[in-house]
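Thanks for coming, everyone. Please have a look at the chain on the screen, and then I'll walk you through it.

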Amino acid sequence: DGIYYNNRGNSQVTVTYRDSTFDAYLDEYKGHVHIPASVTCNGNTYEVVAIGHDAFKACSALSGVTLPNSITTIDLGAFEDCNTLSEVELPNSLTSIGSLAFQGCSSLKSITLPSSVVGLCPYVFESCTSLENVTILNGEMTVGLGCFDGCTQLKQIHIPKGSKEHFLAMGLQKNGVQLVDDEMEDNDATNTIVEMILLVVG
């Protein structure tokens, strides 16, 4: 499938780069990459559970990535400096995102962090200069230092109702961040009004 893996034992693998260092072969991943939930080798099936450190780092021809509902972790610098990466679909199985994971992804415009994500390490989205919209679905998620520093186009961070004080404590009020209560109407048959708090970055 053109994807490289490290065997981590217990019938699980991590997505990695091609050789012993990430920069031995630059741009080994191109276009929109779909990571499978499992792979088979020599008759054995392995679950794909993580994106390893630096796995896609500096792949300048990578435009998008779809992750399966088996991925629990995105490690340090996994997509760092992928400057044409514009589409990322994060699965509901994901629990943590490592430091610098998407730093310098200057074409990324929008990201939704599933409710399964419990924490962002420092500088995850630093210098994503095209990032305009962020949606956080877990009102108790922790946000590390500088996660959105240098995101000069960031306008809105959506967070669940009732989590205002929590995210203020995480430091998201800096650089002119304003908190705005926003009622959003659901389009389903129940016409439920879903109340969200909108963080507007000035």
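In which sense do S6 and S8 pair, parallel or antiparallel, and over how many bridges? They pair in the parallel sense, over three bridges. Before I go on, a reminder: this is a predicted model.

Stay with that pair for a moment. Gly-64 stands opposite Glu-87 in S8. The order S3-S6-S8 makes an open sheet of three strands, with parallel pairing. S3, residues 31–34, and S8 stand at the edges. Each has a single partner strand, so one side of each is left without a neighbour in the sheet. From one strand to the next, the twist averages 15 degrees. As background, strands of a sheet pair through backbone hydrogen bonds, either parallel or antiparallel.

Next, another parallel pair. Strand S12, residues 133–136, pairs with S14 over three bridges. Val-134 has its bridge partner in S14, and that partner is Ile-157. How covered is S14? Strand S14 spans residues 156–160, and four of its five residues are buried.

Ser-163 sits in the loop between S14 and helix H1, which covers 164–169. Is Ser-163 buried or exposed? With a relative accessibility of 4%, Ser-163 is buried, because the cut-off for buried is under 20%. A polar atom of the Ser-163 side chain lies 2.5 Å from the backbone oxygen of Pro-160.

Now the inside. The largest nonpolar core has 50 residues. Among those with the most contacts inside it are Ile-51, Phe-56, Phe-79 and Phe-102. The largest share comes from S5, with three residues.

One place along is Lys-57. How many salt bridges does the model hold? The count comes to one. Lys-57 forms a salt bridge with Glu-80, and the closest N and O atoms are 3.7 Å apart. Lys-57 lies in the loop between S5 and S6, and Glu-80 in the loop between S7 and S8, so the pair ties together parts that are 23 residues apart in sequence. Are these two buried or exposed? Lys-57 counts as buried, at 19% relative accessibility. Glu-80 is buried too, with a relative accessible area of 10%. In general, side chains of opposite charge can pair when their charged atoms come close.

Last, two backbone points. Most residues other than glycine have a negative phi. Ala-58 is not a glycine, yet has a positive phi of about 65 degrees. Ala-58 is placed in the loop between S5 and S6. At 26% relative accessibility, Ala-58 counts as partly exposed.

The other is Asn-10. Its phi is near 55 degrees, again positive in a residue other than glycine. Asn-10 lies in the loop between S1 and S2. Asn-10 counts as exposed, at 73% relative accessibility.

That's my tour. Questions, please.

How values were computed:
Residues are numbered from 1 along each chain as its sequence is written. This is a predicted model: local features need pLDDT of at least 70, side-chain atom pairs count only at pLDDT 80 or more; totals for chains, interfaces and linings use all residues. Side-chain values use heavy atoms; hydrogens and water are left out. Buried means under 20% relative accessible area, exposed over 50%, partly exposed in between (1.4 Å probe, protein chains only). Helices (H or I, at least four residues) and strands (E, at least two) are DSSP runs, numbered from the N terminus. Two strands pair if DSSP finds at least two bridges between them. A nonpolar core is a set of buried Ala, Val, Leu, Ile, Met, Phe, Trp, Tyr and Cys residues joined through side-chain atoms within 4.5 Å. A salt bridge is a side-chain nitrogen of Lys or Arg within 4 Å of a carboxyl oxygen of Asp or Glu. Axes are lines fitted to C-alpha atoms, for helices over the stretch in contact, and angles run from 0 to 180 degrees between N-to-C directions. A polar contact is a pair of N or O atoms within 3.5 Å; within protein, one must be able to donate a hydrogen and the other to accept it, and residues adjacent in sequence count only if both atoms are side-chain atoms.
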